[in-house]
Amino acid sequence: QLSCLVKIVTLHGIPKDLDSYPKDLLLFLSPSDYAATGSCRQYFANIGKANLDVLQRESSQRKGLLLEALACLKIPGTQVNEEDAEILGRLVCDLGGEYIRNSGGNLLKRLSQCDSFLPDQEEAIRSVISSGNTIFGPPETWSAFTLSELSGLIPVFDHSILHKVPK
């Protein structure tokens with residue numbers, strides 16, 4: 001339905017007020033379509049707020065969006081800073097384990113909003129959490145507030161992490 005709606009909306013060219021349309025609609029436009037009305041950074045900031053589950057997790061379209069976002073944001077290598085993580089929004093759910101490991105804790109809050117993880121993502125999350133080198137500190141120092149902030153990641157934690165969290 002969204003794909004058809006995009007065709008109708010863009011029938012006479014790209015509307016100038018694209019930002020006022022539902023974010024999910026933007027999933028079916030390319031950054032070059034959006035370029036006439038804003039920057040690619042703005043496009044991906046909007047995409048990051050969209051319901052990415054409209055697209056299948058491993059679909060070429062969803063993978064393409066992530067690759068284009070990384071190129072637009074000029075992310076060198078596999079390290080994502082806090083500002084870029086904010087722009088990526090829900091797209092961080094598709095970042096591989098190497099991005100999670102190399103970005104330290106910059107992605108944890110956003111990752112906690114993801115519905116599911118691939119095995120390499122889970123392993124990377126456990127590795128980053130276990131290191132204690134995040135804004136949350138080592139699990140031994142966590143409070144109920146910390147657990148609330150990371151609630152979406154709790155199912156990924158293994159016994160070695162959960163055992164360290166104070167009762």
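**Entry 1: the cysteine C40**

I looked up C40 and noted that this residue is partly exposed, because its relative accessible area is 29%. For this term I used the stated cut-offs: buried means under 20% relative accessible area, exposed over 50%, and partly exposed in between, with a 1.4 Å probe and protein chains only. The model is predicted, so I kept its limits in mind: local features need pLDDT of at least 70, side-chain atom pairs count only at pLDDT 80 or more, and totals for chains, interfaces and linings use all residues. Residues are numbered from 1 along each chain as its sequence is written, and side-chain values use heavy atoms, with hydrogens and water left out.

I then asked which residue forms a disulfide with C40. The partner is C72, and the two sulfur atoms are 2.0 Å apart; a disulfide here is a pair of cysteine sulfur atoms within 2.5 Å. The link of C40 and C72 is right-handed, with 90 degrees about the S-S bond. C40 belongs to helix α4 and C72 to helix α5, so the pair ties together parts that are 32 residues apart in sequence. I recorded C72 as buried, because its relative accessibility is 11%.

**Entry 2: the other disulfide**

How many disulfides does the rule give? I found two disulfides. C93 and C114 form a disulfide with their sulfur atoms 2.0 Å apart. The link of C93 and C114 is left-handed, with -90 degrees about the S-S bond. C93 sits in the loop between α6 and α7 and C114 in the loop between α8 and α9, so this pair ties together parts that are 21 residues apart in sequence. C93 counts as buried at 9% relative accessibility, and C114 counts as buried at 8%. When I numbered the bonded cysteines in sequence order, the pairing read 1-2, 3-4.

**Entry 3: the chain as a whole**

I counted 11 helices and zero strands in the secondary structure of the chain. Helices (H or I, at least four residues) and strands (E, at least two) are DSSP runs, numbered from the N terminus. Of the 167 residues of the chain, 43% count as buried. The accessible surface comes to about 8900 Å², and 53% of this area belongs to carbon and sulfur atoms; the areas come from the Shrake-Rupley method with a 1.4 Å probe, and for residues only the protein chains shown count as cover. Among contacts between residues at least 6 apart in sequence, 51% join residues at least 24 apart, where contact means heavy atoms within 4.5 Å.

**Entry 4: the nonpolar core**

I looked up the largest nonpolar core and found that it has 44 residues; those with the most contacts inside it are F44, L88, L91, L95, L111 and I125. Such a core is a set of buried Ala, Val, Leu, Ile, Met, Phe, Trp, Tyr and Cys residues joined through side-chain atoms within 4.5 Å. The helices α4 (40-47), α5 (60-72), α6 (82-88), α7 (97-102), α8 (108-111) and α9 (119-131) each supply at least two residues of this core. Which helix gives the largest share? That helix is α5, with five residues. At least three residues of this core come from each of domain 1 (1-74) and domain 2 (96-166); the domain bounds come from an automatic or database domain assignment.

**Entry 5: aromatic pairs**

I found two aromatic pairs in the structure. Rings of Phe, Tyr and Trp (its six-membered ring) pair if their centres lie within 6.5 Å; planes under 30 degrees apart count as stacked, over 60 as edge-to-face and the rest as tilted. The rings of Y43 and F44 have centres 4.8 Å apart and planes at 75 degrees, so I recorded the pair as edge-to-face. Y43 and F44 are both buried. The rings of W142 and F157 have centres 5.6 Å apart and planes at 45 degrees, so I recorded the pair as tilted. This pair links distant parts of the chain, 15 residues apart: W142 is in the loop between α9 and α10 (144-149), F157 in the loop between α10 and α11 (159-162). W142 counts as buried at 4% relative accessibility, and F157 is buried with a relative accessible area of 6%.

**Entry 6: two loop residues**

K74 is found in the loop between α5 and α6. Its phi is near 55 degrees, a positive value in a residue other than glycine. Most residues other than glycine have a negative phi. K74 is exposed, because its relative accessible area is 69%.

Is D94 buried or exposed? D94 counts as buried, at 17% relative accessibility. This residue has its place in the loop between α6 and α7. Not counting residues up to four places away in sequence, D94 touches R57, R62, L66 and Q121.
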